[in-house]
Structure formats: C-alpha cells, structure tokens
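Open the model in your viewer and keep the selection tool at hand. The tour moves from a pocket to a ligand, then to the backbone.

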Amino acid sequence: MRDLHYKTGIGMTSQRTRERLMERLFEEGIRNLHVLEAIRRTPRHLFVDEALSHRAYEDTALPIGHNQTLSQPYIVARMTELLLGGGPLDKVLEVGTGSGYQTAILAQVVERIFSVERIYPLQERAKAVLKEIDIRNVVFRHADGNWGWPAYGPYDAILVTAAPPEVPAELLRQLADGGRLVIPVGARDQVLTLVTREGDDFIHQAVEPVRFVPLLAGAISS
Ligand code: SAH
C-alpha cells in the first residue's frame with residue numbers, strides 16, 4: 001500500500017480519533033485489514049467543510065454541499081470490503097465521486113480507479129483533496145455515470161455510491177467476467193446489492209438496507 005504524505009500539521013491532530021474510528025469499524029464487523037488500515041490513514045476531515053471537521057471521525061454521514069452526502073465510514077468500509085471480495089483489483093470504475101473520500105479509501109487498496117461524477121464543482125474539489133494527500137492512481141470524468149466509462153472498460157469491479165431504481169444495464173455491460181458490482185438499489189427502500197458476473201449471468205445478492213442519495217441523470221456544471 002502507498003504511503004500518504006500529509007502537509008505538516010495535518011494528520012497528526014486526528015491520528016488518535018482515526019484509530020478509534022478504525023477500532024469501532026472492526027467492532028461493527030469490518031474485517032479486511034487493508035480497508036481498516038486505509039480508514040486509519042485517511043484524513044476524513046479534509047473531505048468535509050471546515051465547520052464540520054470536528055465531526056469527521058464520527059461514524060456518521062455528513063453533508064458535502066449540492067444536496068449530496070458523504071456516507072458514514074461503516075458503509076464506505078463495508079462497500080470497499082465487498083468490492084474486494086477475495087482478491088486484488090486492477091481496474092475499478094467508481095460512479096459518484098462526491099467528496100472523494102470513498103475514492104481515497106478505494107485508491108489505497110486497488111491499482112487504478114476511473115471515477116465519474118455528474119456535479120462539476122464536487123469533482124474539482126475531490127481532485128484537489130486527493131492531490132493534497134498524494135493519491136495519484138485516480139482519473140476523473142465529468143459525466144452521467146449511468147453510462148459508465150466505456151473507453152476503459154471492462155472493469156474488474158464497479159462501485160456506485162448513489163442509488164438507481166434498478167441496476168443500469170450499461171454498468172453490467174462494462175463489468176468484466178468474474179467482476180463485482182456493488183451498488184445501492186431502490187427508491188425509498190434501498191438495498192445494498194452485490195452483483196457478480198459469471199459469463200452472461202449476473203448473480204444478485206442483497207447485502208443490507210441502506211440510505212443513499214439518488215443516482216440522477218445528466219451531468220451539471222455548477
Ligand atoms: N462517495 C461519495 C459520496 C457520494 S454522494 C463520497 O465519498 O463523498 C453521491 C454522489 O453521486 C454525489 O456526488 C452525486 O452528485 C453523484 N451522482 C449522482 N448521480 C450520478 C450520476 N448519474 N453520475 C455520476 N455521479 C452521480
């Protein structure tokens with residue numbers, strides 16, 4: 001795993017609180033050590049507004065502007081763990097960059113991420129924070145992620161952090177054979193779903209109830 005180099009001063013202050021968060025996620029059932037280590041190292045306070053930074057290491061969802069939210073750390077860890085399944089991943093597509101926190105966790109446990117976001121200012125901010133903490137294995141696209149990112153597919157895994165009423169067909173198409181798609185599905189009652197591709201078959205597994213913002217259509221510039 002890569003080392004994160006923080007600017008002087010950042011990182012040290014929240015070291016203890018991050019360790020406590022990691023311990024809490026372990027108690028809640030997160031067992032993948034790479035994921036726990038990524039949570040321990042990643043300064044979540046940089047991904048939220050300064051006014052909220054004192055709450056950054058609580059296991060809670062936080063607003064990131066534009067009516068969007070950063071998921072609670074448990075969900076970020078759970079989705080990453082599910083995505084990893086048994087083995088290492090090379091190419092991963094992420095839909096819904098948002099603050100970039102989930103991207104940062106994922107970037108430490110997979111080779112390369114292709115991350116799509118429909119709200120341009122969120123994407124720009126995420127890019128800047130990831131650069132600041134020296135995460136370099138992510139490329140970004142401002143677009144409607146319902147259509148995936150066909151140019152780099154198929155992907156070993158796809159992670160979606162906003163909920164569509166049903167799994168977009170185009171994402172299934174861009175999933176490699178043997179690949180894993182983790183996605184919240186549903187309108188009011190959403191279920192975190194793991195889809196595994198076996199040739200032309202897609203095996204759907206319901207994991208647990210969740211609450212995500214909706215996966216919307218079209219990209220917007222402000
Ligand atoms: N994973 C993010 C939080 C996601 S909130 C984080 O760690 O902060 C959901 C994100 O999905 C929002 O940023 C929202 O703009 C984005 N989104 C919703 N519909 C989308 C679509 N069709 N294509 C790409 N991004 C989308």
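For the residue classes, Ala, Val, Leu, Ile, Met, Phe, Trp, Tyr, Cys and Pro count as nonpolar, Asp, Glu, Lys and Arg as charged, and the others, Gly among them, as polar. This is a predicted model: local features need pLDDT of at least 70, side-chain atom pairs count only at pLDDT 80 or more, and totals for chains, interfaces and linings use all residues. Residues are numbered from 1 along each chain as its sequence is written, and side-chain values use heavy atoms, with hydrogens and water left out.

**Stop 1: the largest pocket**

Select T69, T161, A162, F212 and V213. These lie nearest the centre of the largest pocket, among 37 lining residues. On a 1 Å grid over the protein atoms alone, a pocket is an open set of points where a 1.4 Å probe fits, with protein on both sides within 12 Å along at least five of seven lines; lining residues have an atom within 4 Å of a point. The largest pocket holds about 510 Å³ of space. A volume is the space filled by probe spheres set on the points, which are joined across faces, edges and corners. The lining has 20 nonpolar, 13 polar and 4 charged residues.

**Stop 2: the ligand**

Now select the ligand. Where does the ligand sit? It sits in the largest pocket; that is, more than half of its atoms lie within 2 Å of the pocket's grid points. Around the ligand are 26 residues, of which S99, E117, D144, G145 and L216 come nearest. A residue is near a molecule if one of its heavy atoms lies within 4 Å of it. By class, this shell divides into 12 nonpolar, 11 polar and 3 charged residues.

Next, show the polar contacts, pairs of N or O atoms within 3.5 Å.

- S99: a side-chain N or O atom is 2.6 Å from an oxygen atom of the ligand.
- D144: a side-chain N or O atom is 2.9 Å from a nitrogen atom of the ligand.
- L216: a polar backbone atom is 2.5 Å from a nitrogen atom of the ligand.

**Stop 3: two backbone details**

Go to G153 and P154. The peptide bond between them is cis, with omega near -5°. P154 is in the loop between β5 (138-142) and β6 (155-160). Strands are DSSP runs of E, at least two residues long, numbered from the N terminus.

Finish at N67. This residue is not a glycine, yet has a positive phi of about 65°. N67 is in the loop between β1 (62-65) and β2.

Note on methods:
Polar contact = N/O pair within 3.5 Å; in protein donor to acceptor, adjacent residues only side chain to side chain. Helix = DSSP H or I, 4+ residues; strand = E, 2+ residues; numbered from the N terminus.
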